[in-house]
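Please read it alongside the coordinates.

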Amino acid sequence: MEERKRALSAIKPTGNLTLGNYIGALREFSKFQDNYETFIFIADLHALTLPIDPAFLRSNTKDIVAFYLAAGLDPNKTTIFLQSDVSAHAELNSILINYVYMGELSRMTQFKDKSQKLNKEAIGVGLFAYPVLMISDILLYNTDVVPVGDDQTQHVELTRDIAHRMNERYKKELFKLPQAIKPSVGARIMSLSDPSKKMSKSDPKGDIFLKDDLNVIRKKIMSAVTDTGHEIKYDQENKPGISNLLTIYASLSNMSIQDAEKHFEGVTQYGEFKKAVADKVIEVLEPFQQKYKEILQSGIIDKVLDDGAKKASYIANKTLRKVKKTVGLYIHE
Ligand code: ATP
Ligand code: MG
């Protein structure tokens, strides 16, 4: 039997998940599980790169597992696990950190964005070295494709560079070169209150959380920042707010931006347009929230994580062993 290609992705439990995470990542994941061998994990070690409350980190981790399942991930098809449960991630990280250059890490946009807000003297090394752990996450599973939103594609590019570097250095195909796959619509959902900034769970600006009350969601959409015009047209430069709402509508309706524009042709009131966007978001999130609550109550989360950790460890440890051997670490039976 021909081996199936592998898909792998994750979300870090740094904050309450937003609509951006849903559109750019969560809803994409389940599209892979029928055709790929799929690994979806919670990047909890990555959540320590910025200060975080331990109790929140724990509860948010559990929430994300419930969100994965509510979004349609089936534990019989997808390996769902915690990064910290599979020690090979940290071990490969401590090997690969020697092959990634400081210059490369300093060029990462995520590091620049996130470190800007911190006191220069107190930037954790983990924040700087974050991509090395992400590279390890991806390479451990010989991943073919990495479904991600826009902000993570730079890290996947670096992963390819490092895989290539290692293969050249040791003159063998040690690692596969993974490819980022972005959703065609909605790879970068912007903030509703400031459409020049990405919607981000660790730095939300009045954005929509997946756990928000439906009435709150409606209010947030109705008060989203727009421009003074009245046309519902996609124009990122001059109409970033309208373009963002149109993107949200199009992606949740599984249509192209052009079709969404056509759908709103003739609508000249932003209020009417926003109401349609709010209706669409609620239509999608209402059953999603219901499922999420049922899953949390069902008590299946620990079992899913136990099974996932076993399956993931088996595969990850095989790669780790191969890498250890290749770089010259002594393996004894
Ligand atoms: P953080 O602020 O901690 O970086 P985040 O909201 O950016 O949080 P990540 O954990 O970095 O979320 O990313 C999880 C997944 O969600 C990634 O695939 C990422 O590309 C995607 N994603 C994050 N924000 C958005 C967004 N605004 N639009 C579309 N996809 C997004
Ligand atoms: Mg991010």
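The points below cover the basis of the values, then the ligand, the pockets and the cavity.

1. Basis. This is a predicted model, in which local features need pLDDT of at least 70 and side-chain atom pairs count only at pLDDT 80 or more, while totals for chains, interfaces and linings use all residues. Residues are numbered from 1 along each chain as its sequence is written, chains are lettered from A and ligands numbered from 1 in the order in which they are written, and side-chain values use heavy atoms, with hydrogens and water left out.

2. Shell of ligand 1. There are 21 residues around ligand 1, and K12, D151, K198, K201 and S202 come nearest (a residue is near if one of its heavy atoms lies within 4 Å of the molecule). By class, the shell holds 6 nonpolar, 9 polar and 6 charged residues. Here Ala, Val, Leu, Ile, Met, Phe, Trp, Tyr, Cys and Pro count as nonpolar, Asp, Glu, Lys and Arg as charged, and the others, Gly among them, as polar. Helix α1 (residues 19-29) gives the most to this shell, with 4 residues; helices (H or I, at least four residues) and strands (E, at least two) are DSSP runs, numbered from the N terminus.

3. The side chain of K12 has an N or O atom 2.6 Å from an oxygen atom of the ligand. For the side chain of Q152, the distance from an N or O atom to a ligand oxygen is 3.1 Å. A polar backbone atom of G20 is 3.3 Å from a nitrogen atom of ligand 1. On its own, ligand 1 has 590 Å² of accessible area, and the protein covers 99% of this (Shrake-Rupley method, 1.4 Å probe).

4. Largest pocket. Ligand 1 sits in the largest pocket, meaning that more than half of its atoms lie within 2 Å of the grid points. A pocket is an open set of points on a 1 Å grid over the protein atoms alone, with protein on both sides within 12 Å along at least five of seven lines; lining residues have an atom within 4 Å of a point. The volume is about 1,100 Å³, taken as the space filled by probe spheres set on the points. Of the 50 lining residues, Q110, K114, D151, Q152 and K198 lie nearest the centre. The lining divides into 19 nonpolar, 18 polar and 13 charged residues.

5. Second largest pocket. Its volume is about 250 Å³. It is lined by 18 residues, with A187, R188, Y234, Q236 and T247 closest to its centre. Helix α9 (residues 240-252) gives the most to this lining, with 4 residues.

6. Cavity. How many cavities of 30 Å³ or more does a search of the whole structure find? The search finds 1, where a cavity is a set of points where a 1.4 Å probe fits but cannot get out. The largest cavity has a volume of about 40 Å³. Its lining has 7 nonpolar, 2 polar and no charged residues, and α6 gives the most, with 4 residues.

Notes:
Polar contact = N/O pair within 3.5 Å; in protein donor to acceptor, adjacent residues only side chain to side chain.
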